Amino acid sequence: VADHDNPLFEGLDDERRAPPCVLVVFGASGDLTSRKLMPAFAELAENRQLPSAFAVVGVARTEMSDEDFRARMREAVGEGNPAWENVVERFRYVAGEYGEPETFDRLKEVLDEIDRERGTGGNRVYYLATVPTVFSIVATALGEHGLARPATEDSFVRIVIEKPFGHDLESAVELDRQLHAVFDETQIYRIDHYLGKETVQNVLALRFANSIFEPIWNRRYVDHVQITVAESLGVGHRGGFYEQAGALRDIVQNHVLQVLALTLMEPPASIDAQGIRDEKVKALRAVDVLTPEEVASDVVRGQYDDGWVEGEQVAAYRHEEGVARDSRTETHVAMRLRVDNWRWAGVPFYLRTGKRLPKRITEVAMAFHGVPHLPFQAGQAKGLDPNALVLRIQPDEGITLRFGAKVPGQAFRVRTVSMDFSYGAAFLEETPDAYERLLLDAMIGDPTLFIRTDEVQEAWRIVDPLLKAWGEEEAPLSHYPAGTWGPKEADRLLEREGRKWRTP
Amino acid sequence: VADALTDLGKWEGHDVRLPDVLAALDRLRCAGQVTATRTSVVSLVVVAPDAEAGQRACDTMNTLGARHPGRTIVLVLDGAEQGHLDAIVTLHAAPLEGIATWSEEVVLTVRGGARRHLDSLVEPLTLADLPVVVWYFSTGPRPGDPLVETADIVLVDTKEMGDVAVFPEVLELARRRPLIDLSWVRLTPWRVLLAGLFDGAAYRKFVTGVHAAEVHGKPGPRHLLAGWLASRLDLPRRALHLADARHAALRLSAEAGAERAVFVAERRGEERLVRASAHVENGPSHEELLPLPDTSLAWSLAHALSDLEGDPIYEQALAEALDLVA
């Protein structure tokens, strides 16, 4: 956001640019840093959204010199542009164990040095691209070394952490307790990259910038809602992690419930961090917690067997690298949720996510009630489906409206047609990558697209009963061939109520 | 820049009437063999002084491909007094992430009295409810041109029109209608760069203490940049030093209490690089080398089309620039 104290920025309000700061990446030698953070920085540099007074300090256990670190980051991005080269030149590296005070003493020295030389003014953003077990160790050490609080009234210190935020409600509360012992909630930026996606944010624009959708966005018009987060990929090299997480923790607790919250929420008083997050929390709070009996009847967990995806034969989950041969981890979850509030009472929300499904797609489909009476003769409206509004989040971002139209010709026949709006085709601007957007937001200090502590806890409140039910006994696990939309039991979840999953 | 366009259909007519053109558009849409999404965001009207300029405008618009779909209406002004109309209508499909998106291009060669009533040709062709952008390609509108009144926004390029000589008429037009000057758009990266040099507590305090500004560059852009600095920083005429140069360079000297600082943004010789630096005497400093911003015609047009609003900062900068020229 343009600096309003600077008269030269007047009229340049749309030009988002980070303020002077040092970004400290913990886990700098890891995969996330190379694969996501550095390409995002390169893009920000190319778009001139990084300030001149800016530096990156990498911290990790691997022994490396500043120059080795720079070389590694250059390699991560590939052929860079001069602006990126310029940024990399300012990279510094601190090697050390996160549990050792010397690491943070050295970090403090480096940060002070950068402040003096470049005028970064004590502004810090700590990015924890580490395994979650290290979060509280790093946070505590930063506090003990006087690195967690802004040095002056004008400066800022923020900490960005990656999901998972705990592995259940209890551990999430404990993690927050440890973070809050050092940082205020306003300093903590919990990242769910899904919220950085342009089209997830477009849900807000669609709902709250148009007068035609909101009046029908309720139980009176909506028959049911389907949210699908489908991936065609398997677990890849993340088998070890996935064995502990499963689809419920990996996708449902965060991505799916965030999309659900944006779909459910009431209009906020203002589109800002507090307005949006307050409403999201209220929405999540209205989601009914499932009883053990409901978990058994309304939730289906599945695991993929071998099969064919996108023309290629793929192995079963149990034959993936790092996965136990007798694994009972779910790679697919389908569930029916109820939302008890004025707007949504009685409207079922069907959520599903899975790996090795036929294609990668994320969408929210609002299925509307049919008309009370079809004034057509038998056969005239054969194949006419109820109206649906589909928000396509990825790929091919856009909106589809399904409605009935007369088939041209002498006869009077009505058929379902789809009207498509393609988001990418209507606007000139390149869509920023989610990490690019969120990194810039963290540096600017806009927490709107980050998850607040109460959101995390509300999401765990919804998911916890499922974890408990699945943990306490031998929970049923259905299997599905890779390349299909999931186990048959997931289909039955809707069929028993006279509905069916969309085929996205 | 999008992938290449595919022509889905084309119709040409000589000595035609406007209803023939509208009918041709309808026919082409119905006969399209490719399933394409028709998402429109703008009607762009280009007034071109000759066929070559008209072609350049079409090429520029086509470079944007599916990224800014709509209808482009190019009016090529022919000096002949005989009043007939020639038309070429083309339906394009631009691929974008696997989807073909339609855009339409109507080129009208206008002769005779119709040249003074371009609005009457344009109004039936514009897309309903969408902004109408009228781009005067390389020349400005003639006095009293009724087409200006049909425009939601007028696009000009003072560099193409004659630089400082046209500042008075452009300022008058900007005060009357929302206007975007592509020359000003091309200066945006320079403005962002220079403004950004004052980011941070160590440098911010100097922005209100600028006492001298050197602006080097070609006439037109350097006047606009100097006018911008004068209007934003309340600099008197004597604080501004303008000099002719092939490449842009800006140098601001500033004080804050007893501290002094220098802020520089300059293109380095023939390299397509910009050196930007801030240096506080006995204090922090930074310097970076950046790629020269893309300021192609397509980029400027794209930038202008995503904004579609007049800019009061431009108007103030232009008014100051006019004083500098005087």
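Let me start with strand S2 of chain A, residues 54–60, which in this predicted model pairs with S3(A) in the parallel sense over four bridges. Within that pairing, A:Ala60 stands opposite A:Ala95 of S3(A).

Stepping back to the whole sheet, we have an open sheet of six strands in chain A, ordered S3-S2-S1-S4-S5-S6, and the pairing is parallel. Which strands stand at the edges? They are S3, residues 92–95, and S6, residues 188–191, and because each has a single partner strand, one side of each is left without a neighbour in the sheet. Neighbouring strands here are turned against each other by 20 degrees on average, with direction ignored.

Helix H6 of chain A, residues 169–180, packs on this sheet, where it touches S5, residues 157–162, as well as S6, and the direction of H6(A) makes about 145 degrees with that of S6(A).

Now to a pair of helices. As a reminder, two packed helices are described by the angle between their axes and the distance between the axes. Helix H1 of chain A, residues 31–46, packs against helix H12 of chain A, residues 434–444, at an angle of about 75 degrees and with the axes 9 Å apart. An angle from 65 to 115 degrees counts as roughly perpendicular, and H1(A) and H12(A) are therefore roughly perpendicular to each other.

What residues make this contact? From H1(A) come A:Leu32, A:Lys36, A:Leu37, A:Ala40, A:Phe41, A:Glu43 and A:Leu44, while H12(A) brings A:Tyr435, A:Glu436, A:Leu439, A:Leu440 and A:Met443. Sorted by class, the contact between H1(A) and H12(A) holds nine nonpolar residues, three charged ones and no polar ones.

Definitions and conventions. Residues are numbered from 1 along each chain as its sequence is written. Chains are lettered from A and ligands numbered from 1 in the order in which they are written. This is a predicted model: local features need pLDDT of at least 70, side-chain atom pairs count only at pLDDT 80 or more; totals for chains, interfaces and linings use all residues. Side-chain values use heavy atoms; hydrogens and water are left out. Two strands pair if DSSP finds at least two bridges between them. Helices (H or I, at least four residues) and strands (E, at least two) are DSSP runs, numbered from the N terminus. Axes are lines fitted to C-alpha atoms, for helices over the stretch in contact, and angles run from 0 to 180 degrees between N-to-C directions. Contact means heavy atoms within 4.5 Å. Angles under 35 degrees count as roughly parallel, over 145 as roughly antiparallel, 65 to 115 as roughly perpendicular and the rest as oblique. Ala, Val, Leu, Ile, Met, Phe, Trp, Tyr, Cys and Pro count as nonpolar, Asp, Glu, Lys and Arg as charged, and the others, Gly among them, as polar.
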